[in-house]
Amino acid sequence: MTNTSLQSLLDLLDLERIEQDIFRGASRSAVVPRVFGGQVAAQALVAAGRTVPEGRDAHSLHAYFLRMGDPGAPIVYQVDRIRDGRSFTTRRVVAVQHGQPIFHLSASFQTYEEGLEHQEPMPAAPDPESLPTGEELLRPHAGLFPDPTVVDRLLEARAAVDLRYVDEPPFLAHERGPREARSQVWFRTNGKLADDPLLHVCLATYVSDMTLLDSVLLAHGRGGWALGDVVGASLDHAMWFHRPFRADEWLLYDQQSPSASGGRGLGTARIYTQDGRLAVSVIQEGLVRVPRTS
């Protein structure tokens, strides 16, 4: 059974085809007054995937966020069919609003084949069912936020996903000062999904932009965008899909930050299935600036 918030997200990812390789997607506001980066990345991957021969699954994507998206306007996705080889297919996607590119994506797809196998082991993490839900975590701390509507907006933005922090998120941890630049969350969709592998990959792409820079904030004792002690945005984003997974089953998102400099912070992560298979690797660099006080 699909809840209404998840169905709304699935509808958002169900792009309208307006030409053979041109698609149009709706948009909506995020917690901040711009289009959520994970939405644009997921929609662009949907557009790319709909031009790929059957039987080829996404194995990587590389993307750049160029301009803030306008949540009040549709986004047009233009797909360029770069290559169709015997085993690999490559697509490039440009997302356009108001006549200007706001996002570029390159994605590669591959037919399944046997090969060498190894992976880094899954790190230790508590059972996701033992952790508080977003509602249980956020409601008691609503007074921390300067804007009293932030909690409702956060919960609404994440209503399609059950996302549970293993340790305190930045907005709770910042009062205790800097800590290890590492963060873990469990996530899954709030409802069952169809068996289409592209759908599961796109939903993981959507969620991957929600918390990846948390580890940067933790390293500096910063609470985050909702508290106003940093401003930031995603700059670029890359993902590699190693093994099949389902986004409607628990996935561990293990995130860390190896560096921050020049007003930018780097987050790296791995996504594991609950039984310990390494499913996805993720890297993102984001703009992370401390607001000027004068």
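Colleague: What makes the second largest pocket a pocket, and what is its volume?

Modeller: The volume is about 1,000 Å³, counted as the space filled by probe spheres set on grid points joined across faces, edges and corners. A pocket is an open set of points on a 1 Å grid over the protein atoms alone, with protein on both sides within 12 Å along at least five of seven lines; a cavity is a set where a 1.4 Å probe fits but cannot get out. This is a predicted model: local features need pLDDT of at least 70, side-chain atom pairs pLDDT 80 or more, while totals for chains, interfaces and linings use all residues. Residues are numbered from 1 along each chain, and side-chain values use heavy atoms, without hydrogens and water.

Colleague: Which of the lining residues are closest to the centre of that pocket?

Modeller: Y112, F241, H242, R243 and P244, out of 36 lining residues. Lining means an atom within 4 Å of a point.

Colleague: Why are α2 and α6 called roughly antiparallel?

Modeller: Their axes, lines fitted to C-alpha atoms over the stretch in contact, cross at roughly 160°. Angles run from 0 to 180 degrees between N-to-C directions. Over 145 counts as roughly antiparallel, under 35 as roughly parallel, 65 to 115 as roughly perpendicular and the rest as oblique. So α2 and α6 are roughly antiparallel. Their axes come within 7 Å.

Colleague: What then makes α1 and α6 roughly perpendicular?

Modeller: Their axes cross at roughly 105°. That value puts α1 and α6 in the roughly perpendicular class.

Colleague: Which residues of α1 meet α6?

Modeller: L9, L10 and L13 in α1 meet L199, L203 and Y206 in α6. Contact means heavy atoms within 4.5 Å.

Definitions and conventions
Helices (H or I, at least four residues) and strands (E, at least two) are DSSP runs, numbered from the N terminus.
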